Amino acid sequence: MGLARAALDAAVGHARERRQFGRPIADFQGLRFLLADMATQVEAGRALYLEAARLRDEGRPFGRCAAMAKLFCTDAAMRVTTDAVQVLGGYGYTADFPVERFLREAKMLQIVEGPIRSSGWSSPVTWSDQSPADPDGPVHPDGSRGEPGPLLVAVAGRARP
């Protein structure tokens with residue numbers, strides 16, 4: 001969520017500095033709604049990934065929460081960076097401002113996530129975390145069992161056997 005946070009900060013900074021009709025564009029209600037939505041996405045993603053980390057620290061099953069956090073955070077980063085480009089207008093598409101790079105990086109995160117999305121791992125309600133009662137690992141959407149692929153493992157922080 002650092003990428004989304006940086007995009008939000010850049011958008012807020014620009015909105016405070018850019019003046020239109022004699023006042024900062026941050027004073028316009030429509031833009032304030034957009035910035036509030038962006039901040040909500042950032043904070044929701046942060047809460048979700050911190051919950052996954054808390055579960056892991058407590059030694060409790062955390063795979064499902066980590067998968068949800070990865071899915072939500074990458075999508076939120078894309079939404080927030082896209083909105084930041086909108087706030088900056090034409091400046092948002094130039095390499096002189098960092099939000100152009102943030103947008104490209106957010107899209108890359110979604111592309112990297114692709115295999116999880118296409119394999120059904122993005123639907124965490126269709127599988128369960130590994131527990132002592134389920135020693136063979138989570139149940140995949142196709143009915144098979146076992147540990148998730150390396151990308152989810154890297155996100156969830158699990159060590160592969």
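**View 1. Glu100, at 19% relative accessibility, counts as buried.** Here buried means under 20% relative accessible area, exposed over 50%, and partly exposed in between (1.4 Å probe, protein chains only). This is a predicted model, in which local features need pLDDT of at least 70 and side-chain atom pairs count only at pLDDT 80 or more, while totals for chains, interfaces and linings use all residues. Residues are numbered from 1 along each chain as its sequence is written, and side-chain values use heavy atoms, with hydrogens and water left out. You will find Glu100 in helix α4, which covers residues 99–119. Helices (H or I, at least four residues) and strands (E, at least two) are DSSP runs, numbered from the N terminus. Setting aside residues up to four places away in sequence, Glu100 touches Gly92, Tyr93, Thr94 and Ala95; contact means heavy atoms within 4.5 Å.

**View 2. Stepping back, the protein has five helices and two strands.** If you follow the sequence, the elements come in the pattern α-β-β-α-α-α-α. The protein has 161 residues, and 38% of them count as buried. Take the contacts in the protein with a separation of 6 or more: 56% of these are between residues 24 or more positions apart.

**View 3. Helix α1 (residues 2–17) packs against helix α2 (residues 29–57).** The angle between them is about 160 degrees, and their axes lie 10 Å apart. This angle makes α1 roughly antiparallel to α2. For the terms, axes are lines fitted to C-alpha atoms, for helices over the stretch in contact, and angles run from 0 to 180 degrees between N-to-C directions. Angles under 35 degrees count as roughly parallel, over 145 as roughly antiparallel, 65 to 115 as roughly perpendicular and the rest as oblique. The two helices α1 and α2 cross in a left-handed way, a term used when the near helix is turned anticlockwise from the far one by less than a right angle (right-handed if clockwise). On the α1 side, the contact is made by Ala4, Arg5, Ala7, Leu8, Ala11, Val12 and Ala15. On the α2 side, look for Leu31, Leu35, Met38, Ala39, Val42 and Glu43. Sorted by class, the contact of α1 with α2 holds eleven nonpolar, no polar and two charged residues. Nonpolar covers Ala, Val, Leu, Ile, Met, Phe, Trp, Tyr, Cys and Pro; charged covers Asp, Glu, Lys and Arg; the others, Gly among them, are polar.

View 4. Apart from neighbours within four places in sequence, His14 is in contact with Ile25, Val87, Leu88 and Tyr91. Ala10 counts as partly exposed, at 24% relative accessibility. Not counting residues up to four places away in sequence, Ala10 touches Leu88 and Val99. Ala10 and Ala84 are 74 residues apart in sequence, yet they are 7.4 Å apart in space, C-alpha to C-alpha.

**View 5. Phe21 sits in the loop between β1 (19–20) and β2 (23–24).** Its phi is positive, about 55 degrees, although Phe21 is not a glycine. For background, most residues other than glycine have a negative phi. With a relative accessible area of 72%, Phe21 is exposed.

**View 6. Helix α2 has 29 residues and spans 42 Å from its first C-alpha to its last.** This reach is close to the 42 Å expected at 1.5 Å a residue, where the expected span is 1.5 Å times one less than the number of residues. In α2, the residues Leu31, Leu35, Met38, Val42, Gly45, Ala52 and Leu55 are buried. What covers the buried residues of α2 includes α1 and α3. Just after α2 comes Gly59, with a positive phi of about 75 degrees.

**View 7. Helix α3 (residues 63–88) crosses α2 at roughly 160 degrees.** The axes of α2 and α3 come within 9 Å. That angle makes α2 roughly antiparallel to α3, and the crossing of α2 and α3 is left-handed. The residues of the contact of α2 with α3 divide into 20 nonpolar, two polar and three charged. α3 has 26 residues and reaches 37 Å from first C-alpha to last, close to the 38 Å expected at 1.5 Å a residue. How many of the 26 residues of α3 are buried? The count is 19, and α3 is mostly covered. Gly89 follows α3, and its phi is positive, near 65 degrees.
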